[in-house]
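Trainee: I've got a structure open and I'd like to learn how to read it. Can we go through some features together?

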Amino acid sequence: MIVGLIVACEVAFWVLLAAGLAFRYVLGMPRAGLALLLCEPLLELVLFIVTAVDLRGGAEPDWKHGLAAVYIGFTVGLGHSTIRWADARFAHRFAGGPPPVRPPKYGTARAVHEWKVAGRWILAAVVAMTLLQGAIWYVGGDGTDSLRAWQQRMAWLIGINVIIAASYTLFPKRER
């Protein structure tokens with residue numbers, strides 16, 4: 001049930017995003033589009049509540065509950081930038097907006113960009129780790145190994161993002 005809800009939340013995220021942008025730019029109804037976009041966090045709230053109720057109802061914490069926490073964390077950390085990314089492209093394509101800004105390719109500007117990207121991923125991982133820790137405390141210490149395994153994966157994700165961003169700082173790509 002949890003996995004199905006995660007899939008439904010992901011599909012609903014993209015449907016709400018497309019509908020919100022369509023209302024905003026194609027139909028010329030920016031308030032309705034904004035209202036649809038503001039419904040996005042409700043998806044994560046529903047997933048959070050259903051997962052908590054499932055755990056409180058005696059379900060054994062497993063990878064599905066961990067995946068729900070990770071999904072919520074990623075939506076918190078990456079959702080806004082994904083919406084901004086899609087909005088810029090939609091505005092350009094359907095409303096005569098300026099072309100989307102491309103990330104810088106070289107030097108310090110690229111390093112700063114990579115640290116911003118890493119920051120979003122780190123935020124996603126930290127939110128997921130916090131939710132996972134909350135779930136561990138919520139159900140008690142027994143049978144939470146799968147949730148702790150998700151926390152370790154998030155720690156690896158943080159490390160990988162720091163290494164990538166640091167590599168652009170220490171070895172900046174130079175313009176030819």
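Mentor: Buried means under 20% relative accessible area, exposed means over 50%, and partly exposed is in between (1.4 Å probe, protein chains only). This is a predicted model, where local features need pLDDT of at least 70 and side-chain atom pairs count only at pLDDT 80 or more, while totals for chains, interfaces and linings use all residues. Residues are numbered from 1 along each chain as its sequence is written, and side-chain values use heavy atoms, leaving out hydrogens and water.

Trainee: Is Phe 90 buried or exposed?

Mentor: Phe 90 has a relative accessible area of 19%, so it is buried.

Trainee: How do I read an aromatic pair?

Mentor: Rings of Phe, Tyr and Trp (its six-membered ring) pair if their centres lie within 6.5 Å; planes under 30 degrees apart are stacked, over 60 edge-to-face, and the rest tilted. This structure has four aromatic pairs. In one of them, the ring centres of Tyr 25 and Phe 90 are 6.2 Å apart and the planes are at 35°, so that pair is tilted. Tyr 25 is in helix 1 and Phe 90 in helix 4, 65 residues apart, so to speak a link between distant parts of the chain. Phe 90 also forms a tilted pair with Phe 94, at 4.6 Å centre to centre and 40° between the planes.

Trainee: Why are Phe 90 and Phe 94 separated by about one helical turn?

Mentor: Because they are four residues apart in helix 4. Ring pairs join Tyr 25, Phe 90 and Phe 94 into a cluster.

Trainee: What counts as a helix here, and how do I check its length?

Mentor: Helices are DSSP runs (H or I, at least four residues), and strands are too (E, at least two), numbered from the N terminus. The expected span of a helix is 1.5 Å times one less than its number of residues. Helix 1 (residues 2–26) has 25 residues and should span 36 Å; its end C-alpha atoms are 35 Å apart, which agrees.

Trainee: Which helices do the buried residues of helix 1 pack against?

Mentor: They pack against helix 2 (30–38), helix 3 (40–56) and helix 4 (63–95), where contact means heavy atoms within 4.5 Å. Among those buried residues are Phe 13, Leu 16 and Leu 17. Just after helix 1, Gly 28 takes a positive phi of about 65°.
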